Amino acid sequence: MHAASQDDIVSTICKKTRNPSFCFNVLKSAGTTDLKGLATFTLNLAHDKVGQTRALALSLASKAADPKLKERYATCAEQYDDAADDIEDGKNDLGEGDYNGVNIKASAAMTEAGDCLDSFTQPPKDPSALSGNGKTVEDICSIILVIANLLLGRD
């Protein structure tokens, strides 16, 4: 019986996210069906991924030969710095039961990641893993948004 309820909650969440198959893989490993537990798990995941991505952007900015890329990477590092603050705030909001705050902060972090991604729509192309990481951050934030809405009793 328990396994079915886990599948139910995971599918309820994942079918509303921007990348359902990614969501299934992430939440399967969470080891909980509790919405608050799932929110904590995904916020921690976002925190780690944002930190890695910020470090990558900083490293790329220091190494890039192309001045345009150098500038974009440096800007992305700042955006991910802001995203890290957003996720940190979101974790605090969750602890206080402020699910609307969680929603707002996850949305803000998603926007920061998106802004970094958007800066590479014009050449020169970004040859690094940065854009893939950015999409992953957006996908994780998308899961947090759905969970926050469920915690708020929104569908």
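A disulfide is taken here as a pair of cysteine sulfur atoms within 2.5 Å. By that rule, the structure has two disulfides, and when the bonded cysteines are numbered in sequence order, the pairing reads 1-2, 3-4. The model is a predicted one, so to speak of local features takes a pLDDT of at least 70 and side-chain atom pairs count only at pLDDT 80 or more, while totals for chains, interfaces and linings use all residues. Residues are numbered from 1 along each chain as its sequence is written, and side-chain values use heavy atoms, with hydrogens and water left out.

Take Cys14 and Cys23 to begin with. Their disulfide has an S to S distance of 2.0 Å, and with -75 degrees about the S-S bond it is left-handed. Both Cys14 and Cys23 are buried (buried means under 20% relative accessible area, exposed over 50% and partly exposed in between, using a 1.4 Å probe and protein chains only).

The other link joins Cys76 and Cys116, whose sulfur atoms sit 2.1 Å apart. Here the torsion about the S-S bond is about 100 degrees, so this disulfide is right-handed. Cys76 belongs to helix H4 (residues 67-95) and Cys116 to helix H5 (residues 99-118), so the bond ties together parts that are 40 residues apart in sequence. Helices (H or I, at least four residues) and strands (E, at least two) are DSSP runs, numbered from the N terminus. Cys76 counts as buried at 0% relative accessibility, and Cys116 does too, at 2%.

What about Cys141? Its sulfur lies 13 Å from the closest cysteine sulfur, that of Cys23, which is too far for a bond. Cys141 is buried as well, with a relative accessible area of 0%.

Asp126 is buried yet has no salt bridge, meaning a side-chain nitrogen of Lys or Arg within 4 Å of a carboxyl oxygen of Asp or Glu. The nearest side chain of opposite charge, Lys125, is 7.3 Å away; Lys and Arg count as positive and Asp and Glu as negative, with His and the chain ends not counted. The Asp126 side chain does make polar contacts with the side chains of Ser128 (2.7 Å) and Ser131 (3.4 Å). A polar contact is a pair of N or O atoms within 3.5 Å; within protein, one must be able to donate a hydrogen and the other to accept it, and residues adjacent in sequence count only if both atoms are side-chain atoms. Leaving aside residues up to four places away in sequence, Asp126 touches Leu69, Tyr73, Phe120 and Ser131, contact meaning heavy atoms within 4.5 Å.
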